[in-house]
Amino acid sequence: MYDYVVIGAGIVGSFIARELSKYNLKALVLEKENDVANVQTLANSAILHSGHNPEPNSLKTKLCLLGNKLYEEVEDELCIPLLRTGAYVVAHNNDEEQKLLDLVETTKANHVTEYELLDYAEACKTEPNLAKSITKVLSLPTTKVTYPWEAAFACMENAIVNGVEFKKNSEVTNITKSKEGFVVTVNKLDNYHTKYVINATGVNTDDIAAMVEKHVSFKIKPRHGEYYVLDKRVKGFVNHVLYPLPTDLGKGVLLTPQIHGNILVGPDSKWVDDKYRTNNTPAGLEYVKTNAKHLAENVPFHQIIRSFAGIRATSDQDDFIIEESKEAKGFYHLAGIDSPGLTAAPAIAKYLVEDIMHVQDKYSINKEFNPIRFKNKEFGSLDYEQQLEFIKKDPLHGNIICKCENITEREVLDAINGPLGSNTIKGVKKRCRAGAGLCQGGYCEEKVYKLIVRETKATPLDVCYDGAKSNMFVSETKVK
Amino acid sequence: MNKEIIVIGGGASGLAAAIAAKEEGRDILLIEKESKLGGILNQCIHNGFGLEVFKEEYTGPEYANKYVQKFHESKIDFLLDTTVLHIDKIENGFEIILSSKVTGMKKVTCQSIIMSTGCYERTRGSISIPGDRPYGVITAGSAQRYLNIDGYMIGKKVFILGSGDIGLIMARRMYLEGAEVLGVAELMPYSNGLTRNIVQCLNDYNIPLYLSHTVTEIHGNDDNRLESIVIQEVNQSYQPIPGTEREFSVDTLLLSIGLVPDITLMDNLDVEHDLKTKSVKVNQAYETSVPGLFICGNSLQVHDLVDNVSMESERAGKCASEFVLAKKIESNESIKIKAGNNLLFVTPHYVDFAWASRETVIQFRSTSKIEKALLTVSQGDKELLSKRKSFIVPAEMETFTLDMNQIEKGSDILVNLEVL
Ligand SMILES: Cc1cc2nc3c(=O)[nH]c(=O)nc-3n(C[C@H](O)[C@H](O)[C@H](O)COP(=O)(O)OP(=O)(O)OC[C@H]3O[C@@H](n4cnc5c(N)ncnc54)[C@H](O)[C@@H]3O)c2cc1C
Ligand SMILES: Cc1cc2nc3c(=O)[nH]c(=O)nc-3n(C[C@H](O)[C@H](O)[C@H](O)COP(=O)(O)OP(=O)(O)OC[C@H]3O[C@@H](n4cnc5c(N)ncnc54)[C@H](O)[C@@H]3O)c2cc1C
């Protein structure tokens, strides 16, 4: 019997898991994918927004501002990387400048205290490649960029260390009410009994709600967004997150510097029917390219190394929906958590646990709770002397596996064997970036799969790319 | 540690360069990141190597072994399982950071460097093929390595995008291993592979080649493995023509869409780039704009024949040796070699008169297929060479030699191809 079952291990489920582990209770996280952070949390802009544009007094605003601050706390506690970029929202003409002033009003109303209006010349001092058509800029210094996968791993790892159970490849297929609470069925097979259920399933929140409610009060309207990734060699091309003026469709196509030096170009925004299909389309990518040109001069599109797409779990209501089910007491929804959901996630978790579920009134504090999750600095980010130190302690740091991103054997082994280790190619890439660079795994995929084979005592035929049936190889060759 | 010459990369190129420089008596260290010398040749178990150099046909590994043997006989120092991470220009030479499991990280200095780091394959990301992003869309070279070296098949129903040589060779290889090879799509109206490969790898096995076609849609299944692809015919501006869609149910899409010289190690050096070869510019001694930094093989320009790699790298090795002996060869004056009509690129990019004793071997590729052409080389009004050529294709690199005695200081050299 569990106290809490959390469905979904995106950034929201992961922060909730960690928040729950601060109390003496029994919690289980169920995730349908073969890894944490494989859906919305996999494919987004990675921005910690300052809170300049959601509706004043909304949950989105409140939790975005608080979330942005809370990341500063967990940065050291959980080794979640932050890149303090700041942001520029740009205007190109009188009309847009007027809208920029309106945005300043929203910014003030949202209690974002740090902001500044700059003219083009001033903005160019820190951002020399700014598009020449830009006339005014709203500077938002508190905007930051994080590494969403790492953030989710960090929270889930820490939650696991503090007693939470985590099960991947566990799709919730049915939920029934019981005397003590709920019976949650996974993969149409296994049942878990629990007092409370937390529905943090992103695009699936309405489907999950329908398992316990006759009249689901919200509907997810999936919104598709595409990106280009530029190679880390473009580092410094832009230093701030560059936003156009927001529209009804959201924040628009952005240029976003990433933690490892890459720049993301995107996303567009398209309503779609299929919740799951994160495909790229020629039209979407073209749109992204065209619009990025309004932000900067000569965007280095020749440095494109990849494209991808994500689906926002936008709901038919404007705000985040964080509430107890009206029909099923003890069942909690986290729905419509689209942007700024990544930013808000730590605040969402606290708000749910303390203000909505009142866990502090029901369970005692876990005195053994260890807030610290340690991760070695990335080898490639160290200077030569530090690298020598690392190698002295551990010669496996001397063996470079991924040449594009400078990833060492030790880092790959940690990705495989860590507390939340992964035995897939994609899982390893998400944890240590082997294969995330210029050649996209052309050099290192072979080395990574061989390390997975060695470390997990599998055969090459067992190694999967992502899902539990996405095997790399179909057979041995005839002659070996 | 201080060396006269450090050779980075132990493929066909690095081996030949090192052997040649050693013959001149140089003190050399060759560094290879893999556990075996030979580079890409090790996975090319098909025939067709060495006709030019050895007048005999070998497999890739056989060809490599000829050089590896000679390399060992020459008693050249080398490090395996060692990656070069960084190059810095210092006074009178270079400082290199290398790393390995056994020795850890180290700094090594040298007077001259020969870059022979080969190339990497263009990926799906670099050409933005639309669709889902499942596993099973894989570069042909990776698939070749898994198949030929590791002994694993990546799929049973295969389609190939790009008619480059690796793709063609893999079409045959997968077919012979029992896979169903449904076709090869090529964006251009002609193939990008050697003619012999079209015949021996596709025609002989009735594998259809779809010219002026590209992949426009990719579908993955729930487990994120490839399920099907759609190809479409393209018009003259390479845009897909609506209504020409054709779907193939496959578990593997091999990409043979081009190779890119691997010169990331030069990122922090002040080298002059060539946007066409996607590598750097060199003079006839294979020296980059950084004195003492030489480059050859697939890291200079992607070759179709290993014989050319060996010969080119031998020349580069000799030049690096000369550089070290002369301590520092002052670049006194140089002229440009320009790619004229119908030329995609030409190497070398400069004739430097400091290297006047060196012959100038010119290599180029055409921009399109030309049945009959006139190759002319001129300097100002003076014609240096004029030669009729038949059947020139972008897939086959052309080579000729210029007599240095003919070349004068002053105006640039122009290499032209006229369609006859
Ligand atoms: C294109 C795009 C750009 C964005 N940019 C930003 C940004 O820059 N800044 C920002 O703050 N926010 C951004 N967002 C929003 C942010 O990514 C999301 O708000 C956040 O990731 C939501 O996290 P989540 O945990 O709720 O959802 P998810 O990450 O989608 O996690 C839900 C999890 O539930 C699992 N699940 C679903 N159904 C079941 C089931 N039946 N059984 C078990 N498990 C199940 C899923 O597999 C998934 O892992 C962006 C979103 C998109 C799509
Ligand atoms: C699949 C394929 C099929 C071919 N078929 C034919 C054919 O039929 N006939 C023919 O004549 N030619 C063929 N060729 C062409 C010819 O074989 C190649 O052009 C030639 O082998 C390239 O040699 P290279 O030394 O330039 O590059 P490579 O063989 O790629 O060698 C580069 C070496 O550098 C090492 N290296 C790279 N970076 C570093 C670093 N930072 N530190 C240390 N080491 C590093 C690499 O590990 C590698 O061993 C084929 C090529 C390919 C790829």
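**Around ligand 2**

In chain B, helix H1 (12-23), strand S3 (47-49), strand S6 (82-90) and helix H7 (306-325) each provide at least two residues of the shell around ligand 2. Please keep in mind as you look around that this is a predicted model.

**Who surrounds ligand 2**

- There are 36 residues around ligand 2, and those that come nearest are B:Ser13, B:Glu32, B:Ile40, B:Asn298 and B:Val306.
- The site of ligand 2 is shared between chains, because residues from both chain A and chain B surround this ligand.
- Sorted by class, the shell around ligand 2 holds 16 polar, 13 nonpolar and 7 charged residues.
- Within chain B, domain 1 (1-121 + 259-328) and domain 2 (123-257) each give at least three residues to the shell around ligand 2.

**Backbone contacts and cover of ligand 2**

- A polar backbone atom of B:Val84 lies 3.0 Å from a nitrogen atom of ligand 2.
- For B:Asp304, a backbone N or O atom is 3.1 Å from a nitrogen atom of ligand 2, and for B:Gly48 the distance from a backbone N or O atom to a nitrogen atom of the ligand is 3.2 Å.
- On its own, ligand 2 has 1,000 Å² of accessible area, and the protein covers 96% of it.

**Domains of chain B**

- The domain assignment divides chain B into domain 1 (1-121 + 259-328), domain 2 (123-257) and domain 3 (330-420).
- Between the C-alpha centres of domain 2 and domain 3 of chain B there are 35 Å.
- Where these two domains of chain B meet, 6 residues of domain 2 are in contact with 7 residues of domain 3.
- About 450 Å² is buried between domain 2 and domain 3 of chain B, with 60% of that area on carbon and sulfur atoms.
- On the domain 2 side, B:Tyr190, B:Leu194 and B:Thr195 lose the most area to domain 3 of chain B, and together they make up 75% of what that side buries.

**Ligand 1 and its shell**

- Ligand 1 has 38 residues around it, of which A:Glu31, A:Thr41, A:Ile47, A:Ile337 and A:Thr343 come nearest.
- Helix H1 (11-20), strand S18 (304-312) and helix H8 (341-356) of chain A each contribute at least two residues to the shell around ligand 1.
- This shell around ligand 1 is made up of 17 nonpolar, 15 polar and 6 charged residues.
- A backbone N or O atom of A:Ile337 is 2.7 Å from an oxygen atom of ligand 1, and one of A:Val12 is 3.0 Å from an oxygen atom of the ligand.
- A:Lys32 also takes part, with a polar backbone atom 3.2 Å from a nitrogen atom of ligand 1.
- The protein buries 98% of the 1,000 Å² that ligand 1 exposes when taken alone.

**Domains of chain A**

- Chain A is assigned domain 1 (2-41 + 149-219 + 318-362), domain 2 (87-141 + 221-313) and domain 3 (379-456).
- Ligand 1 lies between domain 1 and domain 2 of chain A, because both give residues to its shell.
- The C-alpha centres of domain 1 and domain 2 of chain A are 31 Å apart.
- In chain A, 11 residues of domain 1 are in contact with 8 residues of domain 2.
- These two domains of chain A bury about 780 Å² between them, and carbon and sulfur atoms give 48% of that area.

Terms used
Residues are numbered from 1 along each chain as its sequence is written. Chains are lettered from A and ligands numbered from 1 in the order in which they are written. This is a predicted model: local features need pLDDT of at least 70, side-chain atom pairs count only at pLDDT 80 or more; totals for chains, interfaces and linings use all residues. Side-chain values use heavy atoms; hydrogens and water are left out. A residue is near a molecule or strand if one of its heavy atoms lies within 4 Å of it. A polar contact is a pair of N or O atoms within 3.5 Å; within protein, one must be able to donate a hydrogen and the other to accept it, and residues adjacent in sequence count only if both atoms are side-chain atoms. Accessible areas come from the Shrake-Rupley method with a 1.4 Å probe; for residues, only the protein chains shown count as cover. Helices (H or I, at least four residues) and strands (E, at least two) are DSSP runs, numbered from the N terminus. Ala, Val, Leu, Ile, Met, Phe, Trp, Tyr, Cys and Pro count as nonpolar, Asp, Glu, Lys and Arg as charged, and the others, Gly among them, as polar. Domain bounds come from an automatic or database domain assignment. Contact means heavy atoms within 4.5 Å. Buried area is the accessible area (1.4 Å probe) that two parts lose on being put together, summed over both.
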